[in-house]
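Colleague: I have a model open and a few things to ask about it. Can we go through them one by one?

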Amino acid sequence: MTPIKQENIQVGEIANGLPLTIPVYRLKGNDTGPRVYIQANMHGAEVQGNAVIYQLLEQLQQQTLAGDITLVPYANPIGCNQKSGEFTLGRFDPITGTNWNRMYQSHLPLVDTFVAEHLDSSLSEIKNQFSAALVQATQAMLDGPAYSINTGKRIALNLQRLAHEADIVLDLHTGPISSKHLYCPEYAKASASYFNIPHVLLIPNDFDGALDEASFCPWWALSEAYKKQGRDIPVLVEAFTVELGSQEKIDLTEAKADAASLLSYLSYKEALLNSPFKPQAMVRYGCMLQDYLAYYAPMGGMVEYTAALGSHIKAGDTIAHILRMERYLSEQPLHSITLDKDAIAILHFASASVNQGTELYKFFTNYFEL
């Protein structure tokens, strides 16, 4: 069996001065394959990823690993303990209001200087030295004046430092009430067919603060910068946000299936040797990020969500009913809400009680088969 080692990394301190720590599990490979980093539960209510990491650890002990694999459940110990009554919050830093998954650091300014200094370096030298530069730049921020980094940024930088040591980064999330879907950078489109996930959102190779972007954007920019110098090198890192379904619950049976999905992709990337994990045959649908439609509630009221997640909606179909009982005698209390275009329903708001302007649904539009 492949042994598992655990360490606890300090990512901050809480108000009584005690350390704030996260568990880190490491499995050693034989150094012939890519290094892998997987984390879960950056947002407090998005707990299914912890069950998936459990199932991954159960499976990985039985596999032959070509590369080192690092797994981090409970990536945000503040978020997962941020409760309001029976509900978990933890999507936003309660002090600053910033999304916990938008605090990672862009290292794009490193690219041009690195290329100038390594124009003739071998591909392996480029890979090792640029990875080291990313780790060093992240660590330098952590080693700077303590007063210059807020709580969320400190947590994010500690996670990002771990991610920059890897060639593959998987950030496990869930939606409010959601189908499974994958955020996939456009350059890595071919890899999407190796996850057992039917809905793929293709995102531009730009940085917007999330971990997947912080991981792959410097390598995309590096490839583009070398191209301008007349040299073609591949994008040497792939990173994805994997949406595992709905928040506030775990399902160990589904987690085992989700683990098999991730292991299928890792087998394709040759992180596992002699792996039995293969992608399932299924139709996979893609959507460009600009066609990912947020549908906001046109009125306040109580909502019955009638568009099944993963279902294909035709223009004019009813997607919800909104009930407004305070106007029962003065106007029609029940309203049918429709969508004016063909779409696939991906997720919807968690509550039936909505204000006007609440993000009611998200839909794939202008979708296509991958």
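Colleague: Which backbone oxygen does the side chain of K153 reach?
Modeller: The side chain of K153 reaches the backbone oxygen of M103, at 3.1 Å. A polar contact here is a pair of N or O atoms within 3.5 Å; within protein, one must be able to donate a hydrogen and the other to accept it, and residues adjacent in sequence count only if both atoms are side-chain atoms. Before going on: this is a predicted model, where local features need pLDDT of at least 70, side-chain atom pairs count only at pLDDT 80 or more, and totals for chains, interfaces and linings use all residues. Residues are numbered from 1 along each chain as its sequence is written, and side-chain values use heavy atoms, with hydrogens and water left out.

Colleague: Where is K153 found?
Modeller: K153 is in helix α4, residues 151-163. Helices (H or I, at least four residues) and strands (E, at least two) are DSSP runs, numbered from the N terminus.

Colleague: Is K153 buried or exposed?
Modeller: K153 counts as buried because its relative accessibility is 18%. Buried means under 20% relative accessible area, exposed over 50%, and partly exposed in between, with a 1.4 Å probe and protein chains only.

Colleague: What is K153 in contact with?
Modeller: Leaving aside neighbours within four places in sequence, K153 is in contact with M103, Y104, Q105 and M141. Contact means heavy atoms within 4.5 Å.

Colleague: Switching to rings. How many aromatic pairs are there in the whole structure?
Modeller: The search finds 14 aromatic pairs. Rings of Phe, Tyr and Trp (its six-membered ring) pair if their centres lie within 6.5 Å; planes under 30 degrees apart count as stacked, over 60 as edge-to-face and the rest as tilted. One of them is F195 with Y265, a stacked pair at 4.5 Å centre to centre and 15° between the planes.

Colleague: Where do F195 and Y265 sit in the chain?
Modeller: F195 is in the loop between β10 (181-185) and β11 (199-203), and Y265 is in helix α6 (residues 252-268). They are 70 residues apart, and the pair links distant parts of the chain. Both F195 and Y265 are buried.

Colleague: What kind of pair do Y265 and Y268 form?
Modeller: A tilted one, 6.5 Å centre to centre with 50° between the planes. Y265 and Y268 are separated by about one helical turn because they are 3 residues apart in helix α6. Y268 is partly exposed, with a relative accessible area of 32%, whereas Y265 is buried at 0%.

Colleague: Which residues form the aromatic cluster?
Modeller: Y194, F195, F240, Y265 and Y268 form one cluster.

Colleague: Next, the largest pocket. What is its volume, roughly?
Modeller: The largest pocket has a volume of about 1,200 Å³. On a 1 Å grid over the protein atoms alone, a pocket is an open set of points where a 1.4 Å probe fits, with protein on both sides within 12 Å along at least five of seven lines; lining residues have an atom within 4 Å of a point. Grid points are joined across faces, edges and corners, and the volume is the space filled by probe spheres set on the points.

Colleague: Which residues lie nearest the centre of the largest pocket?
Modeller: H43, E46, R91, T174 and P176, out of 40 lining residues. The largest share of the lining, 3 residues, comes from β8.

Colleague: And the lining by class, what does it hold?
Modeller: The lining has 15 nonpolar, 14 polar and 11 charged residues. Ala, Val, Leu, Ile, Met, Phe, Trp, Tyr, Cys and Pro count as nonpolar, Asp, Glu, Lys and Arg as charged, and the others, Gly among them, as polar.

Colleague: Now S215. Where is S215 placed?
Modeller: S215 is in helix α5 and is buried, with a relative accessible area of 3%. A polar atom of the S215 side chain lies 2.9 Å from the backbone oxygen of L211.

Colleague: Last topic, backbone angles. What is phi of D31?
Modeller: Phi of D31 is near 70°, a positive value in a residue other than glycine. D31 lies in the loop between β2 (19-27) and β3 (36-40). E270 also has a positive phi, about 65°, and is not a glycine. E270 is in the loop between α6 and β13 (272-273).
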